[in-house]
Amino acid sequence: MTFESSNSACVTLPEASGRTLPEPLRTWNETATDYPRDNTVAELFEEVAVTHPNSTAVICDGRQLTYAELNVRANRLAHRLRRMGVGAETMVGCCIERSLELLVALAAILKAGGAYVPLDPLYPKDRLDFLLEDTGAPVMLTQRALVSTVLAGRETPFVCVDELDHTLQSTDDTNPPAVGGPATLAYVMYTSGSTGQPKGVMVENRAIVRLVRNTNYCHFGDDGVFLQFAPISFDASTLEIWGPLLNGGRLVVTPPRASSLGELGKVIREQGVTTLWLTAGLFNLMVEQRLEDLRHVRQLLAGGDVLSPWHVRMVLESLPHCRLINGYGPTENTTFTCCHTMLPGERVPNPVPIGRPISNTQVYILDERLQPVPPGKTGELYASGDGVARGYLNNPDATAEKFVSNPFALEADARMYRTGDLARWREDGVIEFLGRVDNQVKILGHRIEPGEIETVLRMHKDVKEICIVPHTEETGSKHLVAYYVPSDPSSSPPDLREFLRRKLPQYMVPGLFVPMTSMPLSPNGKVDRAALPAPVFAPENESAAALPTTQLQQTIIDLWKRILHIDWAGIDDNFFDLGGDSLLLVAVHSNLQKVLQTEIAVTDLFEFATVRTLAKHLCEKTSVSPSLGGIQQQAQKQRQVFARERERRAGDLL
């Protein structure tokens, strides 16, 4: 069967008619539960603050706030925002690192009736400027250290949340009068857009409440301890933050600095985290290297990409008290659409399913005529229910294309979101994910439209043609590869890479740039992606690459080559220019500590991104350099471990 790309002309669905779904599809979509769908996030949080005033709400880096303290601080800021003009659906920019102040800010914005716009402090200035222009945010909440960069050249009124004085008595301690309702906008979160600009997904209060109250995929209660680790601009943070705070649980916020696997594991252990969300790539690393740190986690949610059956099996075999949940869902349906819960002792299928619709959610798998397909047949997945976002901000065409009327609902205004994902029902009502209709790809859990990167690169004066494709390693890790036809032969990959870094987040910058004399074309005149040459991640000027001169440099290079799957690296090559990313850097860090038998700050690997500078830093850091014998012995042990792991994985594939 064939499907139109989601970038093609808009598909018009028939008017909502309450058309009956055939059995058993109707039964599988009976997911309604009694949850507080008529309340806002602010109202529910205020109720929790009354019933759990002295319970710890948030803890971060040795500081903590009870529910009563968090509520008062949020009230004071909410009243201030009201005086600054924030009301129902006012979009407020929120550029704050993970901290107690971040939670105060989010609660305050919602209490004031506004909608928060999460802005990652690591975004390049061009992207931040676009997001602020697109939302028209009249107020910004930020930190003093970020003002000079985030607000450079702008006259937007701002409040530094780390300079608020909470020691004085205030007349603003009480909850502000409620503004808006469950259909009021709660946040605008941006995803990659195929036309070259990110799209602002508008999520309402009810959608958040539906995610975390009286739902079937996860236990939420006042006994839960959740970890907030995802960036605020990533929709997993919706689950991490409001899951505990709307149920009386405890939220443990990891500090904003880069965390190693060991530091992450230490927080999980010492804070008694019971519910944890990890992207698929980080999940794999934790299972491989820090499995014991997950020993007391009761609910482990993973997703953002296809899960590895081998790693799933390791968790179920090693953590007898842990429920492992494969979570699936686009930002446009508020974090989760389907979940698949797996328990110790159960067989792990390959592929790992995405499960069943979560509570108050309906899923339809439709053919190209928008008719339900029977179990076992492939179709495109459409999501409906209380989690569906309002649409895309300032983008009516994209909204009309992706958010369409629901012909299976009785309500005339019911809509469903066209995900662009291919899937099928199993005979038991469980859903399997089968890929994409279009070229969209997931990198580090982030949804990326290659078209957005291509549009930005076409702005470069030296690029005539461009094609961005994902490349998947044998390990399952993915990299973006940029194939381009230069208009000027002297243009270099470093120039193009730096051009993109000034305009796009780091995770959207390709790890490899491949110059082409021309693009291979299919009979219909489009780029034949299958005919593009296989990417080779290697130094861009191998002949000029400096060779290692010390055992430590050689050890680092060997580690890079193994983890990056490259055949060559020079001591002056940048880790990120060889296809590395933040997750792979964490893997290097964990292995390097084991090989050298010494503690290394993970931030050092970000700061010293070449072999020469890193080796020099490590030698200066300690008065005693690692002995050659110790390095070789540890390296041999590591090779044996990786060999056994490869053999086991190969056996699992049989």
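Strands and helices here are DSSP runs, numbered from the N terminus (strands E, at least two residues; helices H or I, at least four). The model is predicted, with local features needing pLDDT of at least 70 and side-chain atom pairs pLDDT 80 or more, while totals for chains, interfaces and linings use all residues. Residues are numbered from 1 along each chain as its sequence is written, and side-chain values use heavy atoms, with hydrogens and water left out.

**Two hairpins**

Now go to β1 (residues 56-60) and β2 (residues 63-66). This antiparallel pair has four bridges. V58 is bridged to L65 in β2. Two residues separate the strands of this hairpin, where D61 takes a positive phi near 55°.

**The cores**

Next, select L77, L141, Y217, W242 and L245. Within the largest nonpolar core, of 74 residues, these touch the most other members. A nonpolar core joins buried Ala, Val, Leu, Ile, Met, Phe, Trp, Tyr and Cys residues through side-chain atoms within 4.5 Å. Buried means under 20% relative accessible area, exposed over 50%, and partly exposed in between (1.4 Å probe, protein chains only). Colour helix α4 (residues 100-111): its 10 residues are the largest share of this core.

Centre on L141. Leaving out residues up to four places away in sequence, its contacts include L77, L81, V92, I109 and V161. Contact means heavy atoms within 4.5 Å.

Another core, of 64 residues, lies apart from that one; L264, M286, V312 and C322 are among its members.

**A loop residue**

Pick E89, in the loop between α3 (67-83) and β3 (91-95). E89 is partly exposed, because its relative accessibility is 29%. Beyond four places in sequence, E89 touches G113, G114, A183, T184, L185 and R390.

**The largest pocket**

Finish with D120, L122, P231, S582 and F606. Of the 49 residues lining the largest pocket, these are the closest to its centre. Colour the lining by type: 30 residues are nonpolar, 11 polar and eight charged. Then show α9 (261-270), β11 (275-279), β25 (478-486) and α16 (582-596), each supplying at least two lining residues.

Notes. On a 1 Å grid over the protein atoms alone, a cavity is a set of points where a 1.4 Å probe fits but cannot get out, and a pocket is an open set with protein on both sides within 12 Å along at least five of seven lines; lining residues have an atom within 4 Å of a point. Ala, Val, Leu, Ile, Met, Phe, Trp, Tyr, Cys and Pro count as nonpolar, Asp, Glu, Lys and Arg as charged, and the others, Gly among them, as polar. Two strands pair if DSSP finds at least two bridges between them.
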